[in-house]
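Hi,

Here is the structure I said I would pass on.

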Amino acid sequence: MASIILTSLAKLTTKILSSFGSSPASNVAEELDKLMTTVAEIRSQIADAEKREIKEESVKLWLFELKQVAYDAEDILSDFDYELLRVEMERGLQLDTRKRKREAPNPSSSFFTQFKRPAQTARPPPAAVEEMDAADEPVKLWHFGAKQMAYGTEAMVASIDYEMMAVDIDQNLRIGADTEMREVNHTNPSLVALDAPFQHDLLRRIKMVMERFDEINKDRVTLCLREEEGIRRAETNIRRSTSLADLSEIYGREDDKNRIVNALLSADGESDNHAIPVVSIVAMGGMGKTTLAKLVYNDKRVEQHFQVRSWVWVSEVYDEIRLTRAIIESVTDQICNLRNPDELQDELSRVLSGKRFLLVLDDIWNEDPIHWETLQASLISGAKGSRVMITTRYENAASIMGAQPFLRLGGLGRSDCWALFCRHAFYGYQAAASPSLIAIGWKIVEKCKGVPLMVKTLGGLLSSETSEENWDEILTSDVWDLDEGEESILRVLRLSYHHLPAALKPCFTYCAVFPKGHEFEMERLVRMWVAQGFIHTEDTKEMEETGRAYVDDLLRRSLFQDPSHFDYKLNFTMHDLIHDLAKSIAGEECSIKEYAESQGITWNKYVRHLSIVVSNELSVSFEQGEEHDALRSLLLHPGWRTIFRLERDFFAKPRLQHLRVLCLNRSGIAEVPDAIGNLKQLRYLGLSATRIKRLPESLCNLYNLQTLDLQFCNSLVELPRDIKHLINLRHLVIHNKFTAPSSVSFFFRGEKLMLPPGIGRLTRLQTLPLFTASGEERYAGIAELKDLNDLQGKLSIVDLHNITHDRIGEAKEAKLRLKERLSWLVLKWDNSMSFIGSRNEDDEVVLESLQPHTTIQRLEIEGYKWCRFPTWLGNPSFSNVVDIQLSHCVSLEQLPALGQLPSLKVLEVFSMQSLRRIGHEFYGDTKVTFPSLQRLLLKMLPKWEEWLHVPEEGHAFPCLQDLAILKCPKITSLSLFGFTALKKLQIDQCEKLAVINGLDKCWSVLKQKLDHPHSESLRCGTCPDLEYLEERRLPMALETLDITGCPSLTKS
């Protein structure tokens, strides 16, 4: 990790030195030049230190001290950086107010871009110091110091960079305000603007840091660190993974699974005292207890036997209230608002009463019998045959719960280990590997002694290696010379860390600040990495994309696990032992404080990243105590109804002045103090799901801010007027009832969120989920989207009815066609009842003007009020569209030619009051229409009477599997001919539907399939109806037929 810090530090220092020349600040330049030389010397030997760190305490301490000094240096320069930007913003805005001949220039075009990096730079980060660090005490001490120094210096250089950029923007603004023709003198304008006292203070602080760097450099010599390049990792190895779909594949546990399933289904174990039998899986960490439990939990026999199944993760901290509430919520699938322990126990007893249930308690650590007796008392209300299944590392925990039988989970067999290893190391293609790598791989697998976590982690590590030398290095490493047990597993897993590309190391280690069991959301984590400066790219626009590639690489290496998608977002977790690995590497830098009662919060001076985990309804605050200003991350993980109290001067405290990430999500706060403006280094501010209504204007002083997360702030009614000053803002995550995920249902209690004018100046924005098209000048108009061409992901533009005839040109000014990184576009007009039956020809012009780029993947249109759609909707050039939703288009008389879209998979059409006919215009001019469509929903079409199918010479819906026709009271007939791939048909509340052609034959075949569950045994010769379906192109694969509320229907 130290190597990446020093790399960043070297880049920043080089950048600033290139701009000094013979300016008045040459003394500062001289000190920075010395710093560059020292950093280069240290970097050449970091690799050796990071190797020796594992066994040599002295090397470990040296690296620790290096990081502390580097942090301090970075903080100094970051302060300088901010001050220059602040001066620039104040001067530039004053001039821009007087004379607005043109908009302020993009801050990314700083005058620093004219300077090229010098040809001679510090050498690339080596990778050899880490190994020595673990065995040599002096080397460890040197490594410790070098890392502290590197962090601090990086901060110092970043500050200078920020200040210079600020003054440079000021120069550009003045030029733009005064005249566009004047000659520009770029001779160090930023440095000239600095006053002498500020320069002197900067020089003093740099010299102090340099003295500490010099001491660390001397220790480097004493530790006899070698100069070497270390293990080089090409960045091309960090790539988007293609193996995520089958990560749940399991090897060698079939017998264990059947044994557990039989125990759960057996009547054995029932007792007269009504105690619920407990089945346990016991093994040390990394053996696959949870994986096996999931395999059992999802077994078809288990699903059919138990009326209720509930899965709850327990963890090291046994919290009775949290656990009981979690079980209730898992069973009822509803939020539980109870807080009193007795009330919770009664409620749990009630929801389980008379039901045969399976309760899985994953990762039990509790060895106190009283806790189990309390929970058990609420479980006995369940029906006979109910079971509890637990996973635990400790037999004593299982014994206390009366677990019978025990399954002491052993290691995987040799062949299963090899299959698991090949899947991760060779992506399942062993035949493509060289014989020498296969021979070494077998030896590595044997050393893993059947531990699945070790096998797949080392397989993931070696998947990016093709060198026999690197494979042999893993095989012959001395970390294998250890006793069995979790500690030995951890030491072996450390190999996977040391062989990570340097860029991934700080990203992985940072995850230690999150509590065990935390479910990561990829976008949120990547934004935190960017805020901490862990991701470096030539093009800063690509930092988030690079971060996503890092996530996929860590998934591929099994350092992250259990990927899942929810509402188009990727979530994942970390195995407990992998978390232990990250924590052991991070040391004191990452700290997690857990509080079960109201009290103040403290931390030591070495903590850089702090998480606060609070249980239940508690009030927490920060102790005055000793002031430490090292903190860079502060994350709150609140319990149920936690009360997080912020003092009025909370953000004014020196200890928070270098904070870069502040996450107060779900904290319950209703107000953000004005002092938030003091956090001048803040890059990430999370206020999701809080009760705030407004943000203070002082927030607009946070010129470094990159992410402002206001998701689910349902009370929020406005943003600060000067939000346009946040020139580095990349992600403004806002939503109201319009942009809530489709899977979330809630009542929007606040006013509509409007955006302030000037939002279009934030040209670095990548995330802006909501844009309200205002009809008032005091709010932002849609034309402000013009220059936001870096927007990506989802964009919802709402209240389009505010674009009246006299402002219709603003829609075209938005230039959505240029926003090629948008993947999901939502366009909404007012769909209230008062607009039913109304028409507005302007809507067609607006929608025509809002044509997106052809890279769009998902499109939603709601409340459109003209009789037809513009021609771009359905144009085959939109070849990436996979999902379309059209709703509440009250005047629409015909659907567009969506059949021409080659990739469309999901189409939902509902609440169309004027649609009477679906005809050939729906299919378009192509022989195979809707070639990829898998789901079609037609709902709430009150006047729809006729559906004309594609002409006989054509072919439609070859992939359609799910067809739903709901609440269409005037449709009289339908046909199943042509829907050859259909698996599910749902028809509901179609009162006049009298005929469904082909239904009788489909029903006949479906009934025979139900009578013969192994439907593949049916053949045309023994089933005439099946032959008929095949001949007449009816759905042979139909599995589900659900027809209700159709009183006129007769078999055809």
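I'll start with a helix pair: the axes of H16 and H18 (residues 468-475) come within 10 Å and cross at roughly 15°. Anything under 35 degrees counts as roughly parallel, and H16 and H18 are therefore put in that class. The crossing of H16 past H18 is left-handed. On the H16 side the contact is made by Ser436, Leu437, Ile440, Gly441, Lys443, Ile444 and Lys447, and these meet Glu468, Trp471, Asp472, Ile474 and Leu475 in H18. Sorted by class, that contact has 6 nonpolar, 2 polar and 4 charged residues. Before you read too much into side chains, please keep in mind that this is a predicted model.

H16 (residues 435-447) also packs with H15 (residues 414-425): their axes come within 10 Å too, but here they cross at roughly 120°. H15 and H16 are therefore oblique to each other. H15 passes H16 in a right-handed crossing. From H15, the residues involved are Arg414, Cys417, Trp418 and Phe421, and they meet Ile438, Gly441, Trp442, Val445 and Glu446 in H16. The class count for the contact of H15 with H16 is 6 nonpolar, 1 polar and 2 charged residues. Gly441 turns up in both contacts of H16, with H15 and with H18.

Now the sheets. There is an open one of 7 strands, paired in parallel, and its order is S9-S11-S13-S15-S16-S17-S18. S9 (590-595) and S18 (731-733) are the edge strands; each has a single partner strand, so one side of each has no neighbour in the sheet. On average, neighbouring strands of this sheet are turned by 10° against each other, direction ignored.

A second open sheet has 3 strands in the order S6-S8-S7, and its pairing is antiparallel. At its edges stand S6 (520-521) and S7 (561-566), each with a single partner strand, so one side of each is left without a neighbour in the sheet. S7 and S8 (residues 569-573) pair over 4 bridges in the antiparallel sense. Look for Ser564 there: Asn571 in S8 stands opposite Ser564.

Next, S20 (residues 793-798). Is this strand buried or exposed? Of its 6 residues, 5 are buried, so S20 is largely enclosed by the rest of the structure. S20 pairs with S19 (residues 770-772) in the parallel sense over 3 bridges, and Leu770 stands opposite Ser796 in S20. S20 is also joined to S21 by 5 bridges, again with the strands running parallel. In that pairing, Leu795 stands opposite Leu825 in S21.

Two backbone spots deserve a look as well:

- Lys815 has a phi near 55°, a positive value in a residue other than glycine. Lys815 is in the loop between helix H24 (809-813) and S21 (822-828). Its relative accessibility is 37%, so Lys815 counts as partly exposed.
- Gln989 is not a glycine either, and has a positive phi of about 55°. Gln989 is in the loop between S32 (984-988) and S33 (995-997). At 34% relative accessibility, Gln989 counts as partly exposed.

Finally, the overall picture. The protein has 27 helices and 34 strands. Of its 1052 residues, 57% are buried. Among contacts in the protein with a separation of 6 or more, 74% are between residues 24 or more positions apart.

Cheers

Technical notes:
Residues numbered from 1 in each chain as written. Predicted model: local features only at pLDDT ≥ 70, side-chain atom pairs only at ≥ 80, totals over all residues. Heavy atoms only, no water. Axes fitted to C-alpha atoms, helices over the stretch in contact; angles between N-to-C directions. Parallel < 35°, antiparallel > 145°, perpendicular 65-115°, else oblique. Left-handed = near helix turned anticlockwise from the far one by under 90°. Contact = heavy atoms within 4.5 Å. Nonpolar A, V, L, I, M, F, W, Y, C, P; charged D, E, K, R; others polar. Pairing = 2+ DSSP bridges. Buried < 20%, exposed > 50% of the residue type's maximum accessible area, 1.4 Å probe, protein only.
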